[in-house]
Amino acid sequence: MSKANLQVQRQLLSVLADGKFHSGQILANHFGISRTAIANYIAELELVGLDIYKVKGKGYALTKPIVLLDAAIIRQLQPAQSAPVLVQHITDSTNLQLMQALPSNKDLASGSVIVAEAQTAGRGRRGRSWYSPFGSNLYFSYYWKLEQGIQAAMGLSIVAGCALCQVLQRHYQISTKMKWPNDIYIDNRKVAGILVELVGQADGACHAVIGIGINVQLPLQALQHIDQPYADLATATDHAINRNELVVHLQSALTRALKQFQQTGFAPFQESFNQLNLYAQQTVTLSGSANATGVCKGVDNQGAILLEHAGQTVAYFGGEVSLRAAT
């Protein structure tokens, strides 16, 4: 899409964001384009995941009002000395955008964030795609430089998960659980996932990109794209979810957690995870690069999952593994 067309799409969204009906003819007159062009823009918005009513004689309306991400509002909400937040309209992947920025921007400040309204190539762990409809969720990637190297990154996804759970409890009174090593659940349904990607050497500074995808208010189309039980924040709380505020809360919480992690290592987060552990004292199965079945005993002081079987407790580290309740 050309820059001019992208600009029109953004402006059209800002009009439709109130959730009210808007006449196709009035929109066409306002933007100086044909009604056919308006219909084409509407079709493009549906393709990126927006639910839109189209009613003859009334026009177009989003099924739910949305508050668009706004860099200026985020700056106003941020505490002093916060690292910058870049807001993108539609991108391939916020993690990929940060990873690509590293070679050309070696002075990228720890705590810097990229967020987007939609992703065309959102990713989860183990190469899975992450459903990324427009304006419905939060697609958030955070940069942190670990001076101690890649070895110091062990347990990083759990640290990020603990920070996110703290934000949801403190600001929205949403109780959550964590599934090792990187998923957040509400009432046994997944609400968020974390993808940590690293660049660096074992004996030098490590660049960490922490990608977090959070279901905020999923569209009806989600049923066609997500193949597991899921939750979103809008149905889990009576509090209004303003994604601009959520960006600031999450950036601040991650910065606090990572400063502590850098100073003390993973040990302080061990107890936090074990209190949030989705499978505490349940029989689980680990599959992938490691295969095992046992009673989940939480994590050790390095973030490895502990499974007890036949009187022995064995630690398993992350990687290409998947943890499930035993059937």
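Helix axes are lines fitted to C-alpha atoms, and angles run from 0 to 180 degrees between N-to-C directions. In this predicted model, helix α6 spans residues 156–172 and helix α7 spans residues 243–264. The two helices pack at an angle of about 135 degrees. Their axes lie 9 Å apart. The angle makes α6 oblique to α7. The crossing of α6 past α7 is right-handed.

Residues from both helices build this contact. On the α6 side they include Leu 156, Val 159, Ala 160, Ala 163 and Leu 164. Gln 166, Arg 170 and His 171 of α6 also take part. On the α7 side, the contact residues include Leu 246, Leu 250, Ala 253, Leu 254 and Phe 261. Glu 245, His 249 and Arg 256 are also among them. By class, the residues of the α6 contact with α7 divide into 14 nonpolar, 3 polar and 3 charged.

Most residues other than glycine have a negative phi, and most peptide bonds are trans. Gln 173 is not a glycine, yet its phi is positive, at about 55 degrees. Gln 173 sits in the loop between α6 and β6. Its relative accessibility is 43%, so Gln 173 counts as partly exposed.

Asn 188 also has a positive phi, of about 65 degrees, without being a glycine. Asn 188 is placed in the loop between β7 and β8 (189–200). Here the relative accessibility is 59%, so Asn 188 counts as exposed; the cut-off for exposed is over 50%.

A cis peptide bond joins Trp 180 to Pro 181, with omega about 0 degrees. Pro 181 lies in the loop between β6 (177–179) and β7 (183–186).

Key: Residues numbered from 1 in each chain as written. Predicted model: local features only at pLDDT ≥ 70, side-chain atom pairs only at ≥ 80, totals over all residues. Heavy atoms only, no water. Helix = DSSP H or I, 4+ residues; strand = E, 2+ residues; numbered from the N terminus. Parallel < 35°, antiparallel > 145°, perpendicular 65-115°, else oblique. Left-handed = near helix turned anticlockwise from the far one by under 90°. Contact = heavy atoms within 4.5 Å. Nonpolar A, V, L, I, M, F, W, Y, C, P; charged D, E, K, R; others polar. Buried < 20%, exposed > 50% of the residue type's maximum accessible area, 1.4 Å probe, protein only.
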